[in-house]
Amino acid sequence: MPTSSASTTDASAKRTAGGGGVQSLERAFDLLERMADAGGEVGLSELSAASGLPLPTIHRLMRTLVACGYVRQQPNRRYSLGPRLIRLGESAARLLGTWARPYLARLVEETGETANMALLDGDEIVYVAQVPSKHSMRMFTEVGRRVLPHSTGVGKALLAHTPAEEVRALLARTGMPAATEKTITTPEGFLDALEQVRKAGYAVDDNEQEIGVRCLAVSVPNSPTAAAISISGPAGRVTEAVAESFVPILQGVAAELSVALQSQSPA
């Protein structure tokens with residue numbers, strides 16, 4: 001099970017001792033993050049192996065989370081993230097989008113194209129903020145819209161540094177339906193595209209989500225939650241030639257947004 005966004009038990013204990021935190025709360029949130037990393041559904045033994053906590057401790061914490069509605073126990077006795085998390089997540093995403101809007105507005109001013117912010121929510125990409133271009137011909141993505149990662153520039157940017165086996169597992173869960181004739185529809189093709197993102201430092205959606213639309217995207221480094229920003233516009237305007245000037249602007253705004261988001265988070 002991935003451990004990239006979840007702290008180890010030892011680290012959690014140190015934070016509790018040094019920061020005046022409540023250990024049971026830290027452990028409960030650690031388990032929720034591990035469940036999210038695993039696709040939203042896990043067994044107790046998986047959580048125990050990943051977190052290092054004993055089964056009785058995990059069982060006690062999960063009973064509390066189930067009683068509060070943040071976790072559900074499935075008929076197969078595995079545990080899944082519960083519906084009460086949806087309200088919390090939607091509210092947090094809206095606030096994150098509000099914080100991001102001034103940075104997206106600057107992207108629009110400097111590139112002339114529509115700017116977006118998206119998060120990786122489970123196995124899907126969700127758009128949480130957008131500032132539209134001032135061109136009469138412009139792209140529009142509804143805030144709150146969910147798409148699959150394999151057909152988007154932001155999806156590539158968000159998954160570029162995820163281990164290949166985790167990417168394959170995600171693609172197996174979602175499938176790779178073709179949104180257009182240019183959509184990547186094989187895991188090998190998508191992994192090759194992620195390698196190109198790592199080399200270039202940015203991702204491209206070249207008519208893969210919608211014919212006639214091209215998108216350039218970068219991840220927001222060290223964001224409290226996996227996030228990416230992008231600019232999108234007609235393929236005739238967002239060309240390979242303009243990418244040379246647009247990408248540094250995207251990367252600079254992403255770095256500034258990262259600092260702003262981290263300043264909103266507890267140390």
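## Close-ups of a helix pair and its salt bridges

At 16% relative accessibility, aspartate 123 counts as buried (buried means under 20% relative accessible area, exposed over 50%, partly exposed in between, with a 1.4 Å probe and protein chains only). A quick note before the views: this is a predicted model, where local features need pLDDT of at least 70 and side-chain atom pairs count only at pLDDT 80 or more, while totals for chains, interfaces and linings use all residues. Residues are numbered from 1 along each chain as its sequence is written, and side-chain values use heavy atoms, with hydrogens and water left out.

**View A. Aspartate 123 pairs with arginine 173 in a salt bridge.** The closest N and O atoms are 2.7 Å apart (a salt bridge is a side-chain nitrogen of Lys or Arg within 4 Å of a carboxyl oxygen of Asp or Glu). Aspartate 123 sits in the loop between strand 4 (114–121) and strand 5 (124–131) and arginine 173 in helix 7, so the pair ties together parts 50 residues apart in sequence. Helices (H or I, at least four residues) and strands (E, at least two) are DSSP runs, numbered from the N terminus. Arginine 173 is partly exposed, at 45% relative accessibility.

**View B. Helix 7 meets helix 8.** The axes of helix 7 (residues 164–174) and helix 8 (residues 187–200) come within 11 Å and cross at roughly 135°. Axes here are lines fitted to C-alpha atoms, for helices over the stretch in contact, and angles run from 0 to 180 degrees between N-to-C directions. Helix 7 and helix 8 are therefore oblique to each other (under 35 degrees counts as roughly parallel, over 145 as roughly antiparallel, 65 to 115 as roughly perpendicular and the rest as oblique). Look for Ala164, Val167, Arg168 and Leu171 of helix 7 against Pro187, Glu188, Phe190, Leu191 and Leu194 of helix 8; contact means heavy atoms within 4.5 Å.

**View C. Aspartate 206 has salt bridges to lysine 182 and to arginine 214.** For lysine 182, the closest N and O atoms are 3.4 Å apart. Lysine 182 lies in the loop between helix 7 and helix 8 and aspartate 206 in strand 7 (residues 203–206), so this pair links parts 24 residues apart in sequence. The arginine 214 bridge comes in at 3.5 Å, N to O. Arginine 214 is buried at 8% relative accessible area, whereas lysine 182 is partly exposed at 40% and aspartate 206 is partly exposed at 23%.
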